[in-house]
Amino acid sequence: METTTETNYQTTVAARVAGEDIKQGDYVTVLNEIVELPSFLWSCSGSTLPADEPVRIRYMPSDAGQPFKVVAVCLPFVYTKRPKGGTQTFDTRQNQLVRLDPDSGHAVWKRLRKTLKKKRK
């Protein structure tokens with residue numbers, strides 16, 4: 001007996017993208033965010049920091065992976081539409097955006113909108 005198995009799984013990768021390469025209609029998400037804190041918060045550390053220099057911390061936000069649809073770009077700002085409705089503005093100096101695969105972004109976008117419509121009823 002001979003059997004064959006076909007798999008139609010395809011792995012896609014979110015690609016880091018520069019602000020000038022983002023265009024209307026793209027699906028993007030935040031990979032990580034940069035937060036600046038005053039250096040006096042590190043006064044107990046072993047290193048001395050200038051008082052006027054902020055400390056930059058990079059972290060991954062809890063909603064990383066949430067798709068946003070780009071409405072307009074006016075650098076350094078990227079204006080997006082949320083699946084739930086409303087708009088979200090990203091500053092590319094503080095948020096590192098990645099472009100989602102168009103098919104994956106669209107599929108997740110539709111699914112999130114459908115889930116929201118069910119909850120509203």
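**Reading the model together**

Mentor: Helices (H or I, at least four residues) and strands (E, at least two) are DSSP runs, numbered from the N terminus. Residues are numbered from 1 along each chain as its sequence is written. This is a predicted model, in which local features need pLDDT of at least 70, side-chain atom pairs count only at pLDDT 80 or more, and totals for chains, interfaces and linings use all residues, while side-chain values use heavy atoms, with hydrogens and water left out.

Trainee: How many helices and strands are there in the chain?

Mentor: The chain has 1 helix and 7 strands. Read from the N terminus on, the order is β-β-β-β-β-β-β-α.

Trainee: Is Y79 buried, partly exposed or exposed?

Mentor: The general idea is a scale of relative accessible area: buried is under 20%, exposed is over 50%, and partly exposed lies in between (1.4 Å probe, protein chains only). Y79 has a relative accessible area of 33%, so it is partly exposed.

Trainee: Which residues make a nonpolar surface patch with Y79?

Mentor: Patches are made of residues with over 30% relative accessible area and no salt bridge; like charges are joined within 9 Å, and nonpolar side chains (Val, Leu, Ile, Met, Phe, Trp, Tyr) within 5 Å. Here V71, F77 and Y79 form a nonpolar patch of about 230 Å². Accessible areas come from the Shrake-Rupley method with a 1.4 Å probe, and for residues only the protein chains shown count as cover. For the chain, the accessible surface comes to about 9,300 Å², with 51% of it belonging to carbon and sulfur atoms.

Trainee: Now the inside. What percentage of the residues in the chain is buried?

Mentor: Of the 121 residues in the chain, 21% are buried. A nonpolar core is a set of buried Ala, Val, Leu, Ile, Met, Phe, Trp, Tyr and Cys residues joined through side-chain atoms within 4.5 Å. The largest one here has 9 residues: V17, I22, V28, V30, F68, V70, V78, F90 and L97. Two or more of these residues come from each of β2 (27-37) and β4 (68-74).

Trainee: Which residues is I22 in contact with, leaving aside its neighbours within four places in sequence?

Mentor: Contact means heavy atoms within 4.5 Å. With those neighbours left aside, I22 touches V17, V28, V70, V73, V78, L97 and R99. Across the chain, 62% of contacts between residues at least 6 apart in sequence join residues at least 24 apart.

Trainee: How many salt bridges does the structure hold?

Mentor: A salt bridge is a side-chain nitrogen of Lys or Arg within 4 Å of a carboxyl oxygen of Asp or Glu. The structure holds 4 of them. One is D26 with R99, whose closest N and O atoms are 3.1 Å apart. D26 lies in the loop between β1 (15-16) and β2, and R99 in strand β7 (residues 95-99), so this pair ties together parts that are 73 residues apart in sequence. D26 counts as buried at 9% relative accessibility, whereas R99 is partly exposed at 26%.

Trainee: What about R56 and E36?

Mentor: Their side chains meet in a salt bridge at 3.0 Å, N to O. R56 sits in strand β3 (residues 55-59) and E36 in strand β2, 20 residues apart, so distant parts of the chain are linked. R56 counts as exposed at 54% relative accessibility, and E36 as partly exposed at 46%.

Trainee: Where is D91 found, and which residue forms a salt bridge with D91?

Mentor: D91 is found in strand β6, residues 87-91, and its salt bridge partner is R93, with the closest N and O atoms 2.8 Å apart. D91 is buried at 13% relative accessible area, while R93 counts as exposed at 56%. Salt bridges that share partners also join K23, D26 and R99 into one network. Leaving aside neighbours within four places in sequence, D91 is in contact with P76 and F77.

Trainee: Where is P76 found, and is the peptide bond from L75 to P76 cis or trans?

Mentor: Most peptide bonds are trans. The bond from L75 to P76 is cis, with omega near 10°. P76 is found in the loop between β4 and β5.

Trainee: Last topic: how many bridges join β1 to β7?

Mentor: Two strands pair if DSSP finds at least two bridges between them. β1 and β7 run antiparallel and are joined by 2 bridges, with A15 opposite R99 in β7. β2 and β7 also pair in the antiparallel sense, over 5 bridges, and T29 stands opposite V98 in β7.
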